[in-house]
Amino acid sequence: MPEEREQRYDPAAIEPKWQKRWAADPKLYAAEPLSSGKPKYYVLEMLPYPSGQLHMGHVRNYSIGDALARHMWMRGYNVLHPMGWDAFGLPAENAALKNNTPPREWTLANIAAMKRQMQRLGLGYDWATEVTTCLPDYYRWNQWFFLRMYEKGLVYRKKSKVNWCPECATVLANEQVVDGRCWRHEDTIVEQRDLEQWSFRITAYADELLEGLDKLDGWPEKVRTMQRNWIGRSEGTEVDFFLEEIQGTGNKEPGTEKKRIRVFTTRVDTIFGTTSVQLAPQHPLVAAFTAADPTLKSQVDELLDQQKKAREAGDLGAIEKHGVPTGRFALNPYSGQRVPIWVANYILADYGTGAIMSVPGHDERDFEFATKYGLPIVEVIRPAGQDAPAELPFISEEGMLVNSGEYNGLKCEAAEKKLQETATRGAFGEAKVTFRLKDWGVSRQRYWGTPIPMTYCERDGLVPVPDDQLPVLLPEQIEITQQGGSPLGRVPEFVNTTCPKCGGPARRETDTMDTFVDSSWYFYRYTDAKNSNAPFDPKVVQYWFPIDQYIGGVEHAILHLIYSRFWTKVMRDLGLIANDEPVQRLFTQGMVIKDGAKMSKSRGNVVSPDDMVARFGADSARMYALFAAPPDRDLDWQEDGVAGVSRFLARVWRLVTKHAPRARSGSSGARNPRTAPTGLSLKLLRKLHQTIAKITLDFEGRWHFNTCVAAIMELVNELQAADAQLAAGEVGAGEMWELLRSLVLLLAPFAPFLAAELWEELGEEGAILRAPWPRSDPGLAREDEIEIPVQINGKLVTLIRVAAGADAKTMEAAALADEKVRSRIAGKLLAKVIVVPGRAVNLVVK
Ligand SMILES: [Zn+2]
Ligand SMILES: [Zn+2]
């Protein structure tokens, strides 16, 4: 039965055929020269870590980006749609240990495997711009940027407390510590260690990173909120309390500086209400106090232990508050009042100054603490215009100062200014902005990362590697272990070098860079990936940036997306680029889940893309990923759903191949626009043009691709319902040509293989990707008549039909002429008629 064979939809035959053709045409998905004259469009999906296997989350992310890229190509844009590999990182070292495969080999093999999967899925990437971050032609520019930032004072080295994962045997960024545990090892509690660390001074850009968020209106609000919270700006005051002198201490000789305890507060206007000063257990003064007091020492150790446990449980915010008095006193710098010094388990050494003034009258937390330990509670703020104190704690800045000496009667805000001035004059404090954001520690004691381009000379100390000695290459053959600090430290050929300054013996830095460095600027490299003289040509970047649309998971809202914003600002200040922000519009897609849970090996609910492609074809897998849920929501993977999409594509296949001969015959004499279509032609063309209008609008911003696919399904249903009439020639050949051709064009972003095949079937030549996107004819798309609900006193009475675009008067007349309406209002007083044109008629009767 040759005819049936011909009509069978067979993705296993169609898809490899097109895959081969596309691979043979590297220009197909390539960006055009800057001089193309077309408007540019840079669409980007976040680059994957090359684990060796795509998962369904990738397929979803890339299907969204690829649909958009294809649509923009068809809209006539010069599109840049690149892909690359975030290829440094720990898993390669773990795999090396496990399988005895060198990290580089393992990584490159994984990249090759994933690239094959991407090509099999028909994703339209320009592979000529591919970026692989573990290769020297890329990471040399990490080193180059590091040196530029070092010159600018944006890189520094200091001993600091670090988060140490014993399992990874490396330092983790704060962001990589989740609930006190390693982000990679959910069961491993992160320890604190002291190490010499390289850091990027991201805090120098804290204000700008925060203010820039207001302008990023193409970003999801939730991402902007997460970044705002992460940066955590608070305005306040730093003030010194003076340590009371004690007989026999070194703090009493005349002329010596008084010892001070610096606190940070956002409410210096309440400082007269301070009834204790509280220190973090790690505060340096505490060590001095406990040195001669073993009882106090053991109490403080207990507090430390409680804090550590809460930190490990990720529950610092909810810690049960405990404290101990030290027996020492501090003096309020404004009033000279003597207040006890306490140590408390909820005061954090790494926030603010590690010390606070406790004002129980006007702070919830301080009130709780004072009540528990019987500390005095003093009123210093009173609601404006009231004679009597408010109930304490009174937490408001709408009030005025009482019990505050010369500041009595001032409003909170005015008092704050005045108190700050007094502190500045007296050199015991100042207005201060603090941030939760910390500098970005980038040192890693790992092998598989970018070597930090620094040397240590016995004579000259720290000496940067000169540009002409870049890249500092990672040695290839190296024994990987999980212990004993940096693996590079055990490679003498790497460590031992000559000093770039004096030529004498020197040691290389053996730490490598955090892999978030790689992903902070990779998307700039795509625009000029082969450049061997510079990270990129500024002219090329200026053409392509900012990225028009970036698509990825919301889990990158803080780390990657703050670091890359920081990197952009640094590059701007180095004079390399003109843009302030890297990304114009950001889209965060939902997760792919199965049976209500995230897909994971341990749950055994992983769906393999290869398996889906083998059974249903790439088009079905991709289209299902777009159809099953709105792109920003989680998608619950249902195999029946993929099979359903596959059956739908088979219907499209049969419909188009069956009527293609007749459509082809109409291609030369396309529908004459002056002859208005009627009957079935009009009905089908109207549906077509409504579908075009809807999908075009969605691509322009709403991105409800699930409803786009549904609209194409509806269109196909109408065409199929008319199958017999179409076969009988009831619709002209020119109209058939328009209907089928447009249907195939609409499918092209969602099911590129099938669309390419049917495009050819319709006798079209050239890539469908370069064919203009169909335009909706508003005249054709408009319904002749629409249904309008009529309500009487708020209750639906009937539906009337009026001409589309009918004015209010016509609608009112049609409603009042309706039989049902007439019988309902007979004998009553028509008090009011409200017409919403195109929508509804509401009558009020009495
Ligand atoms: Zn770990
Ligand atoms: Zn030297």
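# Close-up views of a predicted model

**Overview. Buried residues make up 54% of the 846 residues in the chain.** The model is predicted. The chain holds 27 helices and 34 strands. Its C-alpha atoms fill a box of roughly 110 × 90 × 50 Å, taken along the principal axes. Take the contacts between residues at least 6 apart in sequence: 72% of them join residues at least 24 apart.

**View 1. Four residues coordinate the zinc ion (ligand 2).** They are Cys457, Asp460, Cys499 and Cys502. The cysteines each use SG, and Asp460 uses OD. The distances run from 1.9 to 2.3 Å. Along the chain, the donors follow the spacing C-x2-D-x38-C-x2-C. Asp460 sits in the loop between strand 21 (454–457) and strand 22 (461–464). Cys502 sits in the loop between strand 23 (496–498) and strand 24 (505–508). The pair therefore ties together parts that are 42 residues apart in sequence.

**View 2. The arrangement around the zinc ion (ligand 2) is tetrahedral.** Why does it count as tetrahedral? The four donor atoms subtend angles of 106 to 116 degrees, which makes it so. For four tetrahedral donors, the ideal angle at a metal is 109.5 degrees.

**View 3. The largest nonpolar core has 188 residues.** Those with the most contacts inside this core are Phe200, Trp440, Phe523, Tyr550, Trp637 and Phe750. Which helix gives the most to this core? Helix 19 (residues 639–665) does, with 12 residues.

**View 4. Phe523 is in contact with residues beyond its sequence neighbours.** Leave aside the neighbours within four places in sequence. Phe523 then touches Tyr42, Leu44, Phe545, Ile547, Tyr550, His560, Ser564 and Pro582. Both Phe523 and Tyr550 are among the residues with the most contacts inside the largest nonpolar core.

**View 5. Strand 26 (residues 549–553) and strand 27 pair in the parallel sense.** Four bridges join them. Tyr550 has Leu586 in strand 27 as its bridge partner. Which way do the residues of strand 27 (residues 586–589) point? Leu586 and Thr588 point one way, while Phe587 and Gln589 point the other way. All of these are buried. In a regular strand, side chains alternate between the two faces of the sheet.

**View 6. Strand 14 (residues 338–344) is largely enclosed by the rest of the structure.** Why is strand 14 described as enclosed? Six of its seven residues are buried, so the rest of the structure largely encloses it. Strand 12 (residues 276–279) runs parallel to strand 14, and three bridges join the two. Here Leu279 stands opposite Val343 in strand 14.

**View 7. Strand 13 and strand 14 form a hairpin.** Six residues lie between the two strands. In the turn, Gly336 has a positive phi of about 75 degrees. Strand 13 (residues 323–331) pairs with strand 14 in the antiparallel sense, over six bridges. Phe329 has Pro340 in strand 14 as its bridge partner.

**View 8. Three strands form an open sheet in the order 29-28-30.** The pairing is mixed. Which are the edge strands? They are strand 29 (597–598) and strand 30 (635–636), and each pairs on one side only. Strand 28 (residues 592–594) runs parallel to strand 30, joined by two bridges. Ile593 stands opposite Asp636 in strand 30.

**View 9. Four strands form an open sheet in the order 32-31-34-33.** Again the pairing is mixed. The edge strands are strand 32 (795–803) and strand 33 (830–836), each pairing on one side only. Neighbouring strands of this sheet are turned by 20 degrees against each other on average, direction ignored. Strand 33 and strand 34 (residues 840–845) run antiparallel, with six bridges between them. Lys832 has Val844 in strand 34 as its bridge partner.

Conventions: Residues numbered from 1 in each chain as written. Chains lettered and ligands numbered in written order. Predicted model: local features only at pLDDT ≥ 70, side-chain atom pairs only at ≥ 80, totals over all residues. Heavy atoms only, no water. Donors = N, O, S within 2.8 Å, 3.2 Å for Na, K, Ca; no water. Tetrahedral: all angles 85-135°; square planar, octahedral: opposite > 155°, others 65-115°. Pairing = 2+ DSSP bridges. Axes fitted to C-alpha atoms, helices over the stretch in contact; angles between N-to-C directions. Core = buried A, V, L, I, M, F, W, Y, C linked by side-chain atoms within 4.5 Å. Buried < 20%, exposed > 50% of the residue type's maximum accessible area, 1.4 Å probe, protein only. Contact = heavy atoms within 4.5 Å.
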